[in-house]
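Morning, everyone. Please have a look at the structure before we start. I'll take the interface, then one hairpin.

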Amino acid sequence: MDLLTIPPSDVLIQGILSGILMGFVYALIAAGLSLIFGLMEIVNFAHGEFLMLGMYTAFWMYALFALDPLLSVPICALALFGVGVLVYYGIIRRILGGPMLAQIFATFGLAILLRASAQFLWTPDFRQVGDAWVAGPVQLLGISIGLPRVVASLASLATFAGLYWFITRTETGVALEATAQDRQAAALMGINTDRMFALGWGIGGACVGVAGAFLTTFFYVFPDVGSTFGLLAYVTVALGGFGSVPGALVAGVIIGMLEVLAGLFIAPAFKYVAVFLLYLGVVLVRPQGLMGKF
Amino acid sequence: MIRRMGRRTALEALLALLALTAVGACARPPANEVVIGVLYPMTGPVAQIGIDAKNVIDVALDIINNRHDLKLPLAAEAGLPRLGGAKVRVVVVDHQGKPDIGQAEAERLITQEKVHALFGAYFSSVTNTASQVAERIGIPFVNADSSSPALTERGFQWFFRTSPHDGHFSLVMFDFLKDLEKQKKVKFRTVGILNENTQFGSDSAKVQEELAKKHGYRLVAKLPFKSGSPSLDAEIGRLKAARPDVLLPSIYTSDAILFTRTAKNLDYNPRLIVAQDAGYTDPKFVSEMGKEAEGAITRAPFAMDLAGRKPLIPVVNEMFKKLSGGRDLSDVPARVLTGFLVLADAINRAGSREPAAIQKALRETNMPAEQLLMPWTGVRFDEKGQNTGVRAILMQLQGGTYYTVYPFELAARDVLYPIPTWAKRK
C-alpha cells in the first residue's frame, strides 16, 4: 500500500470535523489536570481514574434512576468535586512536604486502588448508556457526525468559558490564580492557600466529572477506561503547557485533529506516532509547552 | 533515629520473608489431589472473559470431583478413578493480559505451586510466553481459547490446543464467501481487514491476507490499530474511502463496541462483516450492541442454538448460570470447559502425575463427538498438538440474537445480505 493516501474530500472533511470535536473532549479531560499542576506542581496520576468515577456516576444515575447523562452532569461535577477535595485533604496535603517521588507514588497508588475497587464493586464488564437523549448522527451539509460528540464539545467549550470567567472575574478565582503564581506571597496577603489547594482539586475533579458525564453518551465505561484517556490527557497538558488551562484547550484540538489526519493520510497504526512526534518536537523547542509560563 | 528505623524495617522485612517461605513450604499438594495451574486475565479490559473462564472451570471441577449423570468425561465418578479418586484442584492466577506476567506466573506455578499441568491463557500473546516456560521445564500446557495459528507451528512437545485456530476459522470464512456468492448470486471483489495489533489480531490478519490473495480477492484496506483506542475515526474514514465488499475485523470487545458506535455516527455502511470472534461473541457486546450490530457475522466454535442437536448444552448452561450470576454460556466458556475436561481426562488415563505420562495420554486423546459441547467431530491431536477434529461455524446477529448461518446444513437462519444501511434501519 502507498505511503501516503489521499482520502476523498467528504471523508477528509468528516475526519477533520470529528477530530476537532474529539479534541474538545480531550481538552476538557486535560483541563483539571492542568489546573492542579498549575496550582501546586503536582501531577495527579489518578486523573484517568477520576474520569472513570465520573463516567460510572453518570452510568449509575442512568441505570438506577433512569437519569439521562445530560441531567446528571451537575451530579457528576459535584461528586467529583467532592472526590477531589477528599483526595486533597486525605492524601495530598499530608505529602506536600515530602519528596517528589512520594507525591508521584501516592497518586499512582490511588489510581490502582480506585481501578481495583471499581472492578470489585462493579465488575469489569463494559457498561453503556443505552438510550441517551443525544444519540445517533446528525447530518451537516451532507456530512455525518455523531450528535453526542457535538454536544460534548459544546459542553467542553462552555466549561472552559466558565473556568476562564471564574479565574479572572471572581475574587476566589483571583485568589486561586494568586496562589498558583506565588504560594508564599498569597499566604502573606491573607489568602488561605490550604483552602485554595482544596478548591483547585475540587474544580479539577469537577471538570473531569463533566467530561465523564458527556463521554458516557458515546463511550463505554469499564474500570480501566481511565488509562484509555489518561495518557492522552498527560500529553495534552504537556503539549499545551503545564499549568496553562487555555493551553490544554489548544493542545486538545491539535491532538484530536492530528490523530485523524495522520490516520487518514498515513495509516491508522501511526496516528499516535504523529501525536507523540509533534509532542516531542514541541517540548524540544519549547520545553514549557505551547502556552506554558515557566 | 534514622539508623534505628532502618534496622527495624530490615528486621521486619526479614520476618515477612521468613513467613512467606513458611507459607510456600506448606503449599505443596497432598498426595490425593491433582493440581492444575490456570492462567487468565482477571483484571484489565478483558477481565470478564477471565472471570467467565474461572466460573466454567468451577463447573468442570464440580463435574470431575463429584458424581453427575452427564455424558461428559469423568462425570460418572467422583474424582479421577485411575488415580484412586484423586480430586482436581486449580490455582488461578491473573496475567492481566501481559505476556511478561504470564511468563513469570507460569514459572511460579510450576516451581512454587508444583502444578502438574498448565491451562490458559486466552490472549495468544500470553499463551505464547507462558507455554514456553512449560516447554522448557517439561510440563503439559493445554490451551482452549487462543487462536493464533503460530502457536501450534512452533514444534513444541508439551503444547496442546483443543480449539480451532484462525487458519481453520479463516478457511471457513472464505468457503462461506464463495458459497454465499453462489447462493445470493453476487460477486465479491474486495476485502478490508481491521485488526488489533497484538498477536491475535496480527496473526489473524496475516492468514486472511494470504487467503484473500489465494481466492482472488483484492485487499483494499489493512488497518492494524492499538486495542482500546479512544477513537476509531481515522479507521472508519479509511474504510469509507476504500469501500471493501467484505470487512474482516479481528478485534476485542471494547473495540467492537466503539467500532459499531463510530460506524453509526459517521454513517459507515459495510455490506458484509465477517468477524474473527473475540469481541463479537462477548455476551456483553451481544446484549448491549446486538441490535446496533445487526447483520454482523462472526466465526465461532460454539452456538447456543445448537442446543437442539446437543442436549448437553442446556444442562451445562444451568450449572454455569448458577456460578456466573445469570450469564449464559458463550463461546469462550464453552471452549474452556471442553479443553479443561480433555486435560483432566488425559491425566486420568495417564493414571499418574508424571509429566511424561500425561503428555503421552494427551497425544493418545481420542474423545468422541458426543462427549463434547462443541459441534466438532472429536478431539484428537496431531503431531503439532493441534486438535484435528475441530469445525468452525458462522453465526449472524439478527434482531439482537446470534443464529448459526453456516455451514448451510447446520443453519438456523438464512444469511441476511447486505447489511441494511443505518438510514434504512430507523
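How many residue pairs are in polar contact between chain B and chain A? The count is 16, with both residues at pLDDT 80 or more. A polar contact is a pair of N or O atoms within 3.5 Å; within protein, one must be able to donate a hydrogen and the other to accept it, and residues adjacent in sequence count only if both atoms are side-chain atoms.

Some ground rules. This is a predicted model: local features need pLDDT of at least 70, side-chain atom pairs count only at pLDDT 80 or more, and totals for chains, interfaces and linings use all residues. Residues are numbered from 1 along each chain as its sequence is written, chains are lettered from A and ligands numbered from 1 in the order written, and side-chain values use heavy atoms, without hydrogens and water.

Now the contact, meaning heavy atoms within 4.5 Å. Chain B gives 37 residues and chain A gives 45.

Next, area. The two chains bury about 3300 Å² between them. That is accessible area (1.4 Å probe) lost on being put together, summed over both parts. Carbon and sulfur atoms hold 55% of it. In chain B, Pro230(B), Arg238(B) and Arg261(B) lose the most area to chain A, together 21% of what that side buries.

What about charge? The interface has four salt bridges (a side-chain nitrogen of Lys or Arg within 4 Å of a carboxyl oxygen of Asp or Glu). One of them joins Arg149(A) to Asp233(B), with the closest N and O atoms 2.4 Å apart.

Last, the hairpin. Strands here are DSSP runs (E, at least two residues), numbered from the N terminus. Strand 1 and strand 2 of chain A form a hairpin with two residues between them. Leu141(A), in the turn, has a positive phi of about 50°.

Conventions: Two strands pair if DSSP finds at least two bridges between them. Helices (H or I, at least four residues) and strands (E, at least two) are DSSP runs, numbered from the N terminus.
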